[in-house]
Amino acid sequence: MAISASLVKELRERSGCGMMDCKKVLVETDGDIEKAVELLREKGLAKAVKKSGRIAAEGIVDSYIHLGGRIGVLVEVNCETDFVAKTDEFKALVRDIAMQIAAANPKYVREEEVDPEEIAKEREIMRVKAINDGKPEKIVDKIVDGQIQKYLKEICLMDQPFVKDTDKTISDLVTEKIATIGENISIRRFVRYEMGEGLEKRQDDFVAEVMAQQGK
């Protein structure tokens, strides 16, 4: 059966698990949300959700410099213990997150950080454009709602498709690592510098360049 976005969202809100994990178990359970919750628990992902409420005050600050020094990223990722912060698995996760920021250029870590005024401004711009494009007035707001959700997924790191595996989001990636590492993990903050930012210059496909640098 077709799994609606609203059903995936409901399960995600109930479980705290990643979008792709929620969609997969809903497909496996034919859209039965109660069975889907149980399946998430069986897969160990509910355990990750429980850990996500614990304090994460350790971690590392890592950097990623794009080939040629054209883009630089600093990111802070937290975990619960210094022991985990020193593991190769955690360091690899942080490196992947830094690379994601370099390639996909998010503005925020998560949707809750976006200024409501920014969303309102974007909504008005999208609404005017839809009307100018001749969209029927009665469906303009629905169209704009969909565009806003797409916009938020583009600018919020946690909702972006992971550049190494676009079938999962960064939220899915972090949730998986919480389950395997056994500690809460939280992306706290980041800063991204791009050489000549704000100046007129040639536009490149940074995702392709970053992946090429990684030998993908």
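Me: How do strand S1 and S2 pair, and over how many bridges?
Reply: S1 (residues 58-65) and S2 pair in the antiparallel sense, with 8 bridges. Strands are DSSP runs of E with at least two residues, helices are runs of H or I with at least four, and both are numbered from the N terminus. Two strands pair if DSSP finds at least two bridges between them. This is a predicted model, where local features need pLDDT of at least 70 and side-chain atom pairs count only at pLDDT 80 or more, while totals for chains, interfaces and linings use all residues. Residues are numbered from 1 along each chain as its sequence is written, and side-chain values use heavy atoms, with hydrogens and water left out.

Me: Which residue is the bridge partner of isoleucine 60 in S2?
Reply: Valine 77. Isoleucine 65 stands opposite glycine 72 in S2.

Me: What lies between S1 and S2?
Reply: The two strands form a hairpin with 5 residues between them, and glycine 68 in the turn has a positive phi of about 90°.

Me: What is the strand order in the sheet?
Reply: The order is S1-S2-S5 in an open sheet of 3 strands, with antiparallel pairing. S1 and S5 are the edge strands, each pairing on one side only. S2 is joined to S5 (residues 186-194) by 8 bridges, and isoleucine 71 stands opposite glutamate 194 in S5.

Me: Now helices. How do H6 and H9 pack?
Reply: H6 (residues 88-104) and H9 (residues 170-181) pack at an angle of about 175°, with their axes 11 Å apart. That makes H6 roughly antiparallel to H9, a label for angles over 145 degrees. Axes are lines fitted to C-alpha atoms, for helices over the stretch in contact, and angles run from 0 to 180 degrees between N-to-C directions.

Me: Which residues in H6 meet H9?
Reply: Glu89, Phe90, Leu93 and Gln100 do, and their counterparts in H9 include Leu173 and Lys177. Contact means heavy atoms within 4.5 Å.

Me: And H3, which residues of that helix are buried?
Reply: In H3 (residues 33-42), Ile33, Ala36, Val37, Leu39 and Leu40 are buried. They cover an arc of only 165° around the axis, so they are on the same side of H3. The arc is that of the directions from the helix axis to the C-beta atoms. On the other side of H3, Arg41 and Glu42 are exposed.

Technical notes: Buried < 20%, exposed > 50% of the residue type's maximum accessible area, 1.4 Å probe, protein only. Parallel < 35°, antiparallel > 145°, perpendicular 65-115°, else oblique.
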